[in-house]
Structure formats: structure tokens, C-alpha cells
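Student: I am new to this structure. Please take one part and look at it closely with me.

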Amino acid sequence: MHKKTLSDWTFDICIYLVLLLCGLATLLPLANVLSKAISDESAVVSGKVGIFPVGFQLDTMKYVVSSSQFLHSIGISLLITVVGTVIAILVTALTAYPLSKRHLPGISIIMVLFIFTMMFNGGIIPNYLLMKKLHLINSLWSLMLPALISVFNMLVIKSYYESLPEALEESAKMDGARNFTILWKIVLPLSVPVIATIALFYAVYFWNDYFHPMLYINDASLKPLQLYLRDIVMDADSSSAVNKSVDDMMNVSAEGIRAATVIASIIPMLLVYPYLQKHFVKGVLIGSVKG
């Protein structure tokens with residue numbers, strides 16, 4: 001067994017320090033926001049809250065999760081995330097399957113066209129005009145249809161398909177199975193790790209997206225959670241004015257409400273991730289080895 005030298009120990013310590021700093025850089029801002037969400041109003045307003053809460057209270061969180069606008073917006077975001085992720089997975093998986101068959105004529109040209117879209121796109125104004133021409137302004141479909149397929153995600157699934165033994169499909173064809181049957185009953189069940197991983201990618205994208213709702217959604221009743229959160233964070237003066245009476249009744253501050261809204265918005269993704277974590281590393285590694 002190789003014995004570590006001083007240089008090896010020094011290198012390992014440096015690696016751990018870098019990882020520790022990266023972890024702290026990620027966790028400290030979250031800890032600060034969480035502390036503001038559960039700290040006393042006077043401590044938040046006076047700027048005394050750092051990493052740890054000052055004067056524990058849950059009135060702010062209670063106000064946020066009981067707000068009708070918050071609950072409506074989180075319902076819109078859940079609808080977009082669930083429907084968008086399911087359809088995106090179906091479209092991406094169905095697209096990747098024929099592209100994984102290298103014997104198909106013209107497959108290289110089609111792949112070049114797909115990869116071309118990863119580097120170039122029409123831009124914000126043409127996309128907006130397209131949505132307007134399709135009468136999708138103020139429609140939730142404008143937030144899902146443009147993102148139904150990600151070329152990167154498709155390439156990961158395609159590579160995973162190519163890693164599966166060809167003998168499985170050949171034996172199925174000898175038994176009379178057609179391509180759709182092979183995909184549905186053989187390929188997709190074997191692709192659960194990569195499908196779960198890509199589903200998480202799509203779900204996080206749909207859940208966190210605020211730029212496209214900002215462009216296409218003007219109706220307040222259709223605002224997803226991230227757009228509602230953006231309005232709270234960016235419009236501090238308006239939020240303070242709106243929440244003035246709430247502060248008097250519930251002992252909460254506008255800054256605390258913004259922090260509590262941020263915390264409440266990430267809870268759904270934190271609940272979903274543990275169920276997909278076991279597939280995450282395997283799906284990414286296997287799906288990215290070939291391509």
C-alpha cells in the first residue's frame with residue numbers, strides 16, 4: 001500500500017480547504033436568508049442578523065405560507081414544473097432514441113442541426129414576436145413549449161441509449177417487437193437513472209425560471225412563484241408600503257417577508273432531490289461517457 005508523502009498530505013489539505021470554502025460560499029448566504037426569515041423584526045431592520053437568528057419567531061413564515069398570492073403563485077409554479085417536466089422528458093427521450101441509431105441515413109446532418117442550436121438562437125425579440133404570433137402571451141404554454149427539449153439533455157440520454165447492449169433490441173425484434181414497443185418496454189425501463197437525472201434538470205429549470213415569465217406573463221393571476229418572488233425582492237419600497245399594516249398586526253418586517261419567501265420557494269426542490277439523488281451521479285456519468 002502506497003504511503004502518503006508530505007506533498008500528498010499538503011495537496012489533500014489544499015483540496016479539502018478549497019471544497020470547504022466553496023461549501024461555505026454556498027451555505028452562508030442561505031444561512032443568512034434563513035436567519036432573517038425567523039429572526040425578530042427589530043433585529044432584521046437594524047441589520048443585526050448574520051448567520052444565526054436573533055430573537056426566534058415564526059410569524060414571518062406563517063404570513064408567507066398563508067398569503068393567498070403566494071399560495072396561488074406556488075400552485076402556478078407547481079403546474080408548470082410538473083406538466084413541463086413530464087412533457088419535456090417524453091419529447092427528449094423520443095428524440096434521443098432515433099438519434100442513437102447511427103445506421104440511419106442523414107443522422108450526422110441532423111445531429112449538426114441540433115448542436116448548432118446550442119450555440120446560436122434567434123434572440124429575445126424574435127422569440128417574443130414568435131410567442132405573440134402564436135397567441136401565447138399570457139399563456140402558461142409560453143413558459144413550457146420553448147423549453148420542451150434541451151439539446152444537452154437530449155445528448156446525455158442519447159449517449160445512455162448507445163451504452164445499452166444492442167443484443168437486447170435484436171432479440172426483441174426477433175420476437176416480433178416493433179420500435180415503439182422496444183423503446184417503451186425495454187429501453188425506457190433500463191434508462192431510469194438517466195431519465196430521473198434529466199427530469200431533475202428540467203424540474204429545476206422550470207421551477208427557477210423567472211426571465212421568460214417576466215417577458216411573456218403580464219396577467220397577475222398567472223404569475224409563477226419566481227416572478228412573484230422577483231417582484232418582492234426588486235420592489236422593496238412597494239413591499240414595505242403594502243406590508244405596513246401587516247407589520248403592525250403580526251410583528252414582521254418587509255425584509256423578513258422577502259427572506260421567508262425565498263426560503264419557502266426552495267423547499268419543494270429540497271423535498272424532491274433526496275428521491276432522485278440515488279440516480280443522479282449514475283445517470284450523469286453513464287450518460288456522458290459516450291457521445
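Tutor: Start with a term. Two residues are in contact when they have heavy atoms within 4.5 Å. One more thing before we look: this is a predicted model.

Our part is helix 4, and we begin at Thr81. Thr81 sits in helix 4, which covers residues 68-99. By the contact rule, Thr81 touches Ala203, Phe206 and Trp207, leaving aside residues up to four places away in sequence. Is Thr81 buried or exposed? Buried means under 20% relative accessible area. Thr81 has 7% relative accessibility, so Thr81 counts as buried. Its side chain also reaches the backbone oxygen of Ser77, at 2.7 Å.

Now go along to the packing of helix 4. Helix 4 packs with helix 5, which spans residues 107-119. The angle between the two helices is about 140°, and their axes are 11 Å apart. Which residues make this contact? Helix 4 supplies Thr95, Pro98 and Leu99. Helix 5 supplies Ile107, Ile110, Met111 and Phe114. Of the residues in this contact, 6 are nonpolar, 1 is polar and none is charged.

Leu94 comes next. What separates Leu94 from Phe180 in sequence and in space? In sequence the two are 86 residues apart. In space they are 9.4 Å apart, C-alpha to C-alpha. Phe180 lies in helix 10, residues 179-190. Exposed means over 50% relative accessible area. Phe180 has 56% relative accessibility, so Phe180 counts as exposed.

For comparison, turn to a loop. This loop runs between helix 6 (124-133) and helix 7 (141-144), and His135 lies in it. Asn138 is found in the loop between helix 6 and helix 7 too. Why look at the backbone here? Most residues other than glycine have a negative phi. His135 is not a glycine, although it has a positive phi of about 60°. Asn138 also has a positive phi of about 60°, and Asn138 is not a glycine either.

Go back to helix 4 to finish. Then find Thr95, Pro98 and Leu99, which face you with the contact to helix 5.

Note on methods
Residues are numbered from 1 along each chain as its sequence is written. This is a predicted model: local features need pLDDT of at least 70, side-chain atom pairs count only at pLDDT 80 or more; totals for chains, interfaces and linings use all residues. Side-chain values use heavy atoms; hydrogens and water are left out. Helices (H or I, at least four residues) and strands (E, at least two) are DSSP runs, numbered from the N terminus. Buried means under 20% relative accessible area, exposed over 50%, partly exposed in between (1.4 Å probe, protein chains only). A polar contact is a pair of N or O atoms within 3.5 Å; within protein, one must be able to donate a hydrogen and the other to accept it, and residues adjacent in sequence count only if both atoms are side-chain atoms. Axes are lines fitted to C-alpha atoms, for helices over the stretch in contact, and angles run from 0 to 180 degrees between N-to-C directions. Ala, Val, Leu, Ile, Met, Phe, Trp, Tyr, Cys and Pro count as nonpolar, Asp, Glu, Lys and Arg as charged, and the others, Gly among them, as polar.
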